[in-house]
Amino acid sequence: MISDLHRVYPDLYGREYDEKEMDSRFSHLLEKHKELFGRSDAAIFSAAGRTEIGGNHTDHNLGKVIGGSVNLDTIGAVSKRSDNRVIIASEGFPVVDVDISDLSVREGEKNGTDSLVRGIAKAFKERGIEVSGWEANTTTRVLGGSGLSSSAAIEVLIAEIFNSLCNEDRLDPIELAKIGKYAENVYFGKPSGLLDQACCAHGGIVGIDFKDNDNPEITPIDISFEDYGYAMIITDTRGSHADLTGEYAAVPPEMREVAAFYGKQNLREVSFQDFIRDMKAIRDKIGNDRALLRAYHFFTENQRVDFMLQTLKEGDIDGFLAFVTESGNSSFRFLQNVYPSSSPRDQGLSLAIALSEEILQGEGAVRVHGGGFAGTIQAYVPVGMTERYISGMEGLFGPGCSMRIAIRRRPVSRLI
């Protein structure tokens, strides 16, 4: 059974993986399933983490983004049950046991995986798809707090399990992403956009235009940064995300303050030219300069995403990296999500960017990664400089802070 996975490893983990290590990982998963549930007939599922490549903080105002699924994944061994219980034993976490006969929102379950199970099951039923119980054990290499969207990975994994076991895989990855977002928004209680789930679900690098949020436009890009001599490295600055909810939560409504000046709900419905023309009037009315700066970032970042997609299609890696640098600078100066305004002494991301620029000396590119304020940066590092770069980052933030990642081609899926 494990040997059947050898054909899919390259699409899951790129060029650099240890086949014996992966065999051991999946064998342990199946052995644990038999130990927990007494079943040796488990199916295996995999969902990737994601990296944001362009479009920082634009999806929630119907903007444009570029993202990619990565070679770090959450895997699960799953057996179908004859009742309506869903049991998930995730390594390192309490067991989740949900009776999906009851799909009501429960306040006491918010911020927990059990709420996601209920929400995802509800979304399937609303699509006319009956759901039934199953039991699974999972393990993950998508580190929590790493900016690689471990929560979205488990959401789309749960959705794909229902999709495969109850629906013969009729729903496509983007529909599964929408289901994950619904569960996260309504049941889990987090007002997120669709970026994370879409990238985790789809596979590969994709441009996503959220102008029609119900039917986002997907532009797949087939490119390997290694072919152009660059490694993508994510560095976790190990800053605490505690007490930063207000910082994250302020970004979408501040952008919408500007949209409201025009009677619109989202900035995507406003023209950049009108915004520049009316800047003084908007400033006088809303009295929030940061909202105007964040709106400016939104408009220019949307333009950059178009340019970045074009350079990737053309294989213009130098042009692409120049836009990556522009994106990072815009996030720092205008979006202002590189350090928390509530705690200006904590600037791990700023330090990481400064040290990256010193090491790279004009080569490659570096930018804030994901939500910002604390967490991770993303760097494109010439392959010959990776050891020096990682050593420099570890000297500041500690061993294991930097991860060399690769783009995964395969969508969330049942493997065997």
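Just after helix α6, G203 takes a positive phi of about 90 degrees. Helices (H or I, at least four residues) and strands (E, at least two) are DSSP runs, numbered from the N terminus. The model is predicted: local features need pLDDT of at least 70, side-chain atom pairs count only at pLDDT 80 or more, and totals for chains, interfaces and linings use all residues. Residues are numbered from 1 along each chain as its sequence is written, and side-chain values use heavy atoms, with hydrogens and water left out.

Helix α6 spans residues 195-202 and is mostly covered, with six of its eight residues buried. Buried means under 20% relative accessible area, exposed means over 50%, and partly exposed lies in between (1.4 Å probe, protein chains only). The buried residues of α6 are L195, Q197, A198, C199, C200 and A201. They pack against β1 (43-54), β2, α4 (150-167), α5 (173-188) and β6 (205-209). Contact here means heavy atoms within 4.5 Å.

Strand β2 (residues 64-80) holds T74. T74 is buried, with a relative accessible area of 4%. Its side chain is joined to that of T140 by a polar contact of 2.7 Å. A polar contact is a pair of N or O atoms within 3.5 Å; within protein, one must be able to donate a hydrogen and the other to accept it, and residues adjacent in sequence count only if both atoms are side-chain atoms. Neighbours within four places in sequence aside, T74 touches F45, S46, A47, T138, T139, T140, V142, A153, I154 and L157.

G112 sits in the loop between β4 (96-99) and α3 (113-126). G112 is also buried, at a relative accessible area of 16%. Its C-alpha atom is separated by 9.4 Å from that of G189, 77 residues apart along the chain.

Strands of a sheet pair through backbone hydrogen bonds, either parallel or antiparallel. In this model, four strands form an open sheet in the order β9-β10-β8-β11, with antiparallel pairing. Strands β9 (365-369) and β11 (402-405) stand at the edges with a single partner each, so one side of each is left without a neighbour in the sheet. From one strand to the next, the twist averages 25 degrees. Two strands pair if DSSP finds at least two bridges between them. Five bridges link β9 to β10 (residues 376-382) in the antiparallel sense. In β10, A379 is the bridge partner of V366, and Y380 is that of A365. Helix α13 (residues 386-397) packs on the sheet and touches β8 (230-236), β10 and β11. The direction of α13 makes about 5 degrees with that of β8. Axes are lines fitted to C-alpha atoms, for helices over the stretch in contact, and angles run from 0 to 180 degrees between N-to-C directions.

Strand β9 is mostly covered, with five of its five residues buried. The hairpin of β9 and β10 has six residues between the strands, and G370 in this hairpin takes a positive phi near 80 degrees.

The second largest pocket has a volume of about 470 Å³. On a 1 Å grid over the protein atoms alone, a pocket is an open set of points with protein on both sides within 12 Å along at least five of seven lines; lining residues have an atom within 4 Å of a point. Grid points are joined across faces, edges and corners, and a volume is the space filled by probe spheres set on the points. Of the 19 lining residues, G14, R15, E226, A406 and I407 are the closest to the centre of this pocket. Strands β7 (217-221) and β11 are the elements that give two or more residues to the lining. The largest share, three residues, comes from β11.

Note on methods: On a 1 Å grid over the protein atoms alone, a cavity is a set of points where a 1.4 Å probe fits but cannot get out, and a pocket is an open set with protein on both sides within 12 Å along at least five of seven lines; lining residues have an atom within 4 Å of a point.
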